[in-house]
Each structure stands twice: as C-alpha cells, then as structure tokens.
Amino acid sequence: YHPSSGKQSGSLNSPKGWYDAGDYNKYVVNASFPLGQFFLLEEQYPNSVADGDLNIPESGNGISDYLDELKYEMDWVLTMQDEDGGMFHKLTTKNFEGMVMPHEATNQKYIVGKGTAASLDFAGAAAQAARIFMPYDSIYAEKCLQAAKKAYNWSLENPQLEFVNPEDISTGQYGDTNFDDEFFWATSQLFITTSDNSYLEHLKKEDIDFNYSPGDGWTKFMRFMGIFTLLENKSLLPDELYVTFREGILNTADDLTMRTKTNDYFQCVDDFQWGSNSDVLNTAMIIAQAYRLEKKPEYLTAVRQAADYILGNNAVGYSFVTGFGDNPPMFIHHRQSAADGIVDPVPGLLSGGPNKDKQDVTDGVVYPENVTPMKSWVDHEDSYASNEICLNWNSPITYILGFLEQESK
Ligand SMILES: [Ca+2]
Ligand SMILES: [Ca+2]
Ligand SMILES: [Ca+2]
C-alpha cells in the first residue's frame, strides 16, 4: 500500500485485469468506463461473440468468450475495493516502466489513493455486471451488485474526493473534478439493476445536458452511458422521463449526423485532441442509440462512416487499427509490441489518433512541419500523444464494429 491509500503497511493481492494502455499499470476509472462500453454491446446484442470465437483459455467453457474476457477485468476491479466500500484509484509503479516485456516490468507496484470518480465508475460498471452475469453465475452477479452498492454509498458519504497523483507517483492520473456524470451513470445502472425507486428519485433531480461536443472526452460521455441503459428499459421509467431522454438522444444524434455531412471525411469531430479516434467512435455510439430508437438510414450511414474513418478513410491514409487494412500502424506506443522482437505489432489495437496538442514533442517526437490538426499523427512508438493504445479507445470501436455487424445483417 502506498501511504495515499490511507494504510501505512501491508499489501493486497490484486491479480488479473488488463494493462490500461501502452503501459503496465491498472486504473479503476479506466477499467470501469470501458467495461461499461463493452457491456453495452453484450446487453444490446447478446452473444455476438460466441464461446470458442476468441481462442482464449476459457474457450469451450460454454460461456461467450467475450464475457469470459470481460470477467477477467471485472475480477481485478473487484479486488480494488477497500473495506469501507471506497475504491482505490490505481495499481501502479511509481514511474512508467521502460519499453520492456511484461515479465521484465518488475518494479514494485503500489495501491494508490481512493476517490469519488473511481468509486462511482466502479459502481456503474459493477451494477451493470450484475445484470450481465446473472444468467450465468448468480453468486458472482450478487457479489458485483453488493460491491456496487457499497461503492455508491461510500461516494454519497465522500461526494467530492478528487484524486491527485501523490508527489512520488508520475503515472496516469485520470484526474477529474466534476463527478455529476459519474453519479448519473452509477445511479442509472443501479436503478436498472435493482428497480429501487430511491435511485430513480436521484435521477429525477438531475438536470441533464444532452449536448456532446467532440473533444468533451470520456468523462462527459458517462452520462450518455447512463441514458443508453435507461432507454433500453422503457418499462421501468416514468413516461415523462423516458420522453425526455429519447428526445435528448435523438436531437443530439441529429446534430452529430448533420456534422458528418459537412466535416471532412464524413465524421463528427472538428477538434482533434488526445484520443480523437475515441471521440469519433463515442459520437458514433450516440448516433447508434438513435438508430435503435428510430431506424433512419442516415443514422446507420453516419455510424458506418465513423468506422470507415477509423479504418482508413481519413486525412493520414492509415487504418488506425493494428493488423487491419492495407496501411495500418506498425510502430504503436505499446510496450509489448515494441519489445517482443516481432515485426508486426499486436493486432487489434486502436491508435489514439490525430492530436493537435502534440504533447510528446517535448519528448522528442517529430511531426511534419506546420501540420494541420487532422493530420497531427505519427506512426512512431515514442508518440504517446498520437499513437498510443488505451482500453477506453478499444471499447468504443468494439461496440461500433459489433453494432454494425449486427445491424447490417
Ligand atoms: Ca468461453
Ligand atoms: Ca466527471
Ligand atoms: Ca513488435
């Protein structure tokens, strides 16, 4: 335990889980949010990935390999809950490891901090996990639900505990100062899982902002994750609330779809920030929900165009997914791909995409001179600002490709 955890000594057994990005650390905020996006595909299009499809150790156990893989991450996040219900923020080395293979990344790891964002995000993902796993393993589902409630109740007691990296820790912060979106997401998931009206009372009090500006990033996207789930459960909602959510999503989707008609490469983003490819995909997720509400062909076209952009119809002429397309990234910022002695990178990883801020220039990354925002991307393994990978980027592309596969049948 790092002292920031509130514990002065001891250690925690915290196995399983996925590495967050190009590095070897694990973060509760960015484990929970991607789980939410991955779970959405399973809830809306169950068993899209069948048992045996992924060639993983759990292939052949009679359960979707997709769910098996998501459980591997869920198992880890569950270990990060303190006795009082609050969630430790991350499991991390003090500094990033070098570009080495995982078995060579042997620096001491610490359980670091606790915070409202991690606790609410976990509550949202775990409440959703309870629904997802109930048909397969009711004991596990109940464990997830109880953990979600504990984390949520802790957050009600600690509604504004912001996580900030301690002085001696320099790994990803996933910082946040506004927890309204996290509260909304967690409350929505707990309400749908439990049908407990006390959660509904919280939701009724929320003044929802349905605007989504590309560049708002993932933390503001959480409220949409709540709305998506509420819209799937019309029978549980008062009519007035359902209509509000439905109109809100349709209006936002109409606005985003309009933008695809005038923006370059037929996608919604006009402000290319860190992880812009996930902004393209998150906006497409909003349009996809509109399509589930109203089968307008232009919504489906807009979602397909977002996938086209990611897979090569873009200003740099690359497919942004390793191993796919004629011209994919070869030098992704991903330690295993850099250190494994194999020419091709690990396939299926989404590059972060063009980023006008080019924060890695200070670390020697070179971009083309006077490059436009939409072309501010380099296929170089040092470019963490444009060519890294991340769980919450791979999750929306998984959702969008799964959605297109099912809706194009
Ligand atoms: Ca399986
Ligand atoms: Ca937030
Ligand atoms: Ca390699």
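Biologist: Where do aspartate 75 and lysine 71 lie?
Modeller: Both are in helix α2, four residues apart, about one turn of the helix. (Helices are DSSP runs of H or I, at least four residues; strands are runs of E, at least two; both are numbered from the N terminus.) This is a predicted model: local features need pLDDT of at least 70, side-chain atom pairs 80 or more, while totals for chains, interfaces and linings use all residues. Residues count from 1 along each chain as written, chains are lettered from A and ligands numbered from 1 in written order, and side-chain values use heavy atoms, without hydrogens and water.

Biologist: What do aspartate 75 and lysine 71 form?
Modeller: A salt bridge, with the closest N and O atoms 3.3 Å apart. (That is a Lys or Arg side-chain nitrogen within 4 Å of an Asp or Glu carboxyl oxygen.)

Biologist: Is aspartate 75 buried or exposed?
Modeller: Buried, because its relative accessibility is 13%. Lysine 71 is partly exposed at 26%. (Buried is under 20%, exposed over 50%, partly exposed in between, with a 1.4 Å probe and protein chains only.)

Biologist: How many salt bridges are there in the whole structure?
Modeller: The search finds 17. One of them joins lysine 114 and aspartate 82, at 2.5 Å from N to O. Lysine 114 is in strand β3 and aspartate 82 in the loop between α2 and β2, so the pair ties together parts 32 residues apart in sequence. Both residues are buried.

Biologist: New topic. Where is serine 64?
Modeller: In the loop between α1 and α2. Serine 64 is buried, because its relative accessible area is 3%.
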